[in-house]
Amino acid sequence: MFQAKARADVLKEVMNVVSTLVDEAKFSMTADGLTIKAVDPAHIAMVDLTLGKEAFEEFRADEGEIGLDIDKLSQFLKLARSDEIVDIKHDEDKKRLNIVIGDITRRMSLIDTTGMSDPKVPNLNLPASVTLKVDDLVQGIKASETVSDHIALSASSEGFEMNCEGDLDQVQWKKAKKDLESLESPSSVRSLFPLEYFSNMLRAVSAGVSVTMHLGNDYPVKVEFKIAGGKGEVRYLLAPRIESGD
Amino acid sequence: MFQAKARADVLKEVMNVVSTLVDEAKFSMTADGLTIKAVDPAHIAMVDLTLGKEAFEEFRADEGEIGLDIDKLSQFLKLARSDEIVDIKHDEDKKRLNIVIGDITRRMSLIDTTGMSDPKVPNLNLPASVTLKVDDLVQGIKASETVSDHIALSASSEGFEMNCEGDLDQVQWKKAKKDLESLESPSSVRSLFPLEYFSNMLRAVSAGVSVTMHLGNDYPVKVEFKIAGGKGEVRYLLAPRIESGD
Amino acid sequence: MFQAKARADVLKEVMNVVSTLVDEAKFSMTADGLTIKAVDPAHIAMVDLTLGKEAFEEFRADEGEIGLDIDKLSQFLKLARSDEIVDIKHDEDKKRLNIVIGDITRRMSLIDTTGMSDPKVPNLNLPASVTLKVDDLVQGIKASETVSDHIALSASSEGFEMNCEGDLDQVQWKKAKKDLESLESPSSVRSLFPLEYFSNMLRAVSAGVSVTMHLGNDYPVKVEFKIAGGKGEVRYLLAPRIESGD
């Protein structure tokens, strides 16, 4: 059993986060809330999203899981105003999700979850962490996009920087420790990432939200931030690219 | 003889309504105003628009007709502010329409109306009628567009609903009698329509306008609404699709 | 040596003006400011832009020149707010331009200027001149764009007009002397121009700016206007098309 009511903007935030990596996803429910874990088709990135039942206006669920087409659901949610209440009910007999926005009911066939992986979030030892507003990061990403396909993230005890090196041009984005919300970096670390993935992840974060990135040396980056006004949280993991030393 | 002055927004409203069905149209004038009747190339829908001379700032016409390229005229009207006065004059000798917006004069060649049909609006016996704001209908249409190519309109003494059934998903939009501006439906009626046509028609109606739909069982729908602040009116007719019974 | 600071909107205005004709351009510096002269690849139009050092917040330069990719620079400037200060420094050793917006540094490779022409602005005897707001001209250009590929500019002692004649339709835009900021036209003059070039030039001018056009008979048009709040100026030259007399 799963039935819930939620503000449209909370559900849109969830869809934004998940749709950057996958078109379909498995939603796992317990009495306490909702979890979505997914790996992108190229196995380069992972999302782990938790939305507590207190993020909903109403939430009742037994333990269970359903497979959903993220695109269809996002499309339908566009019809709702941000503060409109969306009513969701799982019809177990007909294997559908019934979603009501105002006078409109959409009955969506569920996707078979049998083939869907159940990714395990690896336990990584990432020595450095840096916290800042997502908007600052997005500026740096935009500046980098025409220059190269990769972006290097580096942290030291002094500050945090992003570097993008193309054949002709370079972009450097840099913040000193005092201009960051927090910075812990016992040693200097640096890893290189595919820019498109990193860009899509950060652009899925709502404006004004603080983002914490955990970094190592040639290690994945873990990007953490809150959703639903703090009643939910997201962890993205992105695999590094190996730098061709020369 | 035909010469007239009108606010640009009145003319834009007329162009919006007509351009959903045809690229060229015959405008028929009398001393009392203007009529446009047209059938779309696939003979699925018809428009019958009347604009009284009181919708114009100035209007003088003998009985006559001219053929116009709707796209060109719409394009030119985009240059005018909503409240700007557009000056129109038929140059019979040169077979042109001269249109003045501010400092700009456009002289448009007329289209030969010989080949243009003169559609007769059929007299239909449609037992049910329902009136509501167009904005409500457009919400339901938007929700349906990704689901199927057809939409069913149904009325009963209880209320009015639109249903769209795809292979996987369904959309239902429903209003009870009390939430409609008016409803008359002595029996239950239902007809199926091509969604794209129905969508284009309703999207051509200005926001906030009340629309009356006349419905029967597997019969065309007649959509009626006012334009030019009540000084003109439009009737759209749309042919039904036969439901494949099973 | 070249280093300067400028408001982003001043630099964006410069990029708009130059990018209508070329993708790459040579910037010539002296102690007094900056000059850009360029001819479009088809040799139909020329731009001659001067930006005095007082248009900058800071400006220090020896005589010299650098070649720049206009598109890349425009793209990067989009990241800056209008009133944000952009910091520019020529790194002579590495043959790069280093541009700083906020926390972001972009290092752009310079383009070799060896092959770039050094267009000489011809000394033309253009008897007529007319001054008016660019916004008025742009309205007339928009009205013409669907009608023909050419536009005729004519001036007489009475007024100024633009005419566009297509196979079917005509557009005439006309202003009497009293509705122009200024008009000097000892005799009647008329020249025909490629509409796309003329349109691109005028659309690159900021809204509300006064433009002076110098005209002759089947002669180029010289379009002059100020940028950077009067601290810089632009001259565009556009070659005429010969009218096929009949």
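## Domains of chain A

Six residues of domain 1 of chain A contact six residues of domain 2 of chain A; contact means C-beta atoms, placed from the backbone, within 7 Å. Helix 1 (residues 8–19) of chain A gives the most to the domain 1 side, with three residues. Helices (H or I, at least four residues) and strands (E, at least two) are DSSP runs, numbered from the N terminus. That side divides into three nonpolar, two polar and one charged residue. Nonpolar covers Ala, Val, Leu, Ile, Met, Phe, Trp, Tyr, Cys and Pro; charged covers Asp, Glu, Lys and Arg; the others, Gly among them, are polar.

Domain 1 spans 2–109 and domain 2 spans 128–219, with bounds from an automatic or database domain assignment. Their C-alpha centres lie 30 Å apart.

## Basis

This is a predicted model: local features need pLDDT of at least 70, side-chain atom pairs count only at pLDDT 80 or more, and totals for chains, interfaces and linings use all residues. Residues are numbered from 1 along each chain as its sequence is written, while chains are lettered from A and ligands numbered from 1 in the order in which they are written.

## Chain C against chain A

Twelve residues of chain C contact 13 residues of chain A. Strand 9 of chain C gives the most to the chain C side, with six residues. By class, that side has four nonpolar, four polar and four charged residues.

Strand 13 (residues 170–176) of chain A runs antiparallel to strand 9 of chain C, joined by four bridges; pairing takes at least two DSSP bridges. Gln170(A) stands opposite Arg107(C).

Notes: Contact = placed C-beta atoms within 7 Å.
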